[in-house]
Amino acid sequence: MARKLRDDSRAELAQGNDPGQTRRHEKQARQVGKTLEEVARAWHKNNRTWSYTHSTRILRNLEMYLFPSLGKRSITKITTADFLW
């Protein structure tokens, strides 16, 4: 499996394509339809290293400041400029 992936990557490079960029585009295509709020809540839920207080504070800040303005937007449509109010 790994050798096949390596060979595929080398073939892409030989054609002038960046295999890393291709993987990023494929990953982004799989995320179409996901909103920023869905991704942020999944990220928050999967972080088990935070204390309860810190976890609560992070979620509260996301709900108060980020979700009202950007929460319903598709994760693939958000740009850096959107975060610079």
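Biologist: Where does histidine 44 lie?
Modeller: Histidine 44 is part of helix H3; helices are DSSP runs of H or I with at least four residues, numbered from the N terminus. The model is predicted, so local features need pLDDT of at least 70 and side-chain atom pairs count only at pLDDT 80 or more, while totals for chains, interfaces and linings use all residues. Residues are numbered from 1 along each chain as its sequence is written, and side-chain values use heavy atoms, with hydrogens and water left out.

Biologist: Is histidine 44 buried or exposed?
Modeller: Histidine 44 counts as buried, because its relative accessibility is 12%. Buried means under 20% relative accessible area, exposed means over 50%, and partly exposed lies in between (1.4 Å probe, protein chains only).

Biologist: What does histidine 44 touch?
Modeller: Not counting residues up to four places away in sequence, histidine 44 touches Trp50, Ser55, Ile58 and Leu59. Contact means heavy atoms within 4.5 Å.

Biologist: At what angle do H3 and H4 pack?
Modeller: Helix H3 (residues 36-46) and helix H4 (residues 52-70) pack at about 175°, and their axes are 11 Å apart. H3 is therefore roughly antiparallel to H4, a term for angles over 145 degrees. The axes are lines fitted to C-alpha atoms over the stretch in contact, and angles run from 0 to 180 degrees between N-to-C directions.

Biologist: Which residues of H3 make the contact?
Modeller: On H3 they are Leu36, Glu37, Ala40, Arg41, Trp43 and His44, and the H4 side includes Ser55, Ile58 and Glu63.

Biologist: What about glutamate 63, which residues is it in contact with?
Modeller: Leaving aside neighbours within four places in sequence, glutamate 63 is in contact with Arg41 and Pro68. Glutamate 63 is partly exposed, with a relative accessible area of 35%.

Biologist: New topic: how many residues has the largest nonpolar core?
Modeller: The largest nonpolar core has 7 residues, namely Leu36, Ala40, Leu62, Leu66, Phe67, Leu70 and Ile78. H4 gives the most to this core, with 4 residues. Such a core is a set of buried Ala, Val, Leu, Ile, Met, Phe, Trp, Tyr and Cys residues joined through side-chain atoms within 4.5 Å.

Biologist: And how many aromatic pairs does the structure hold?
Modeller: The structure holds 1 aromatic pair. Tryptophan 43 and tryptophan 50 form this edge-to-face pair, with 5.1 Å centre to centre and 75° between the planes. Rings of Phe, Tyr and Trp (its six-membered ring) pair if their centres lie within 6.5 Å; planes under 30 degrees apart count as stacked, over 60 as edge-to-face and the rest as tilted.

Methods:
Helix = DSSP H or I, 4+ residues; strand = E, 2+ residues; numbered from the N terminus. Parallel < 35°, antiparallel > 145°, perpendicular 65-115°, else oblique.
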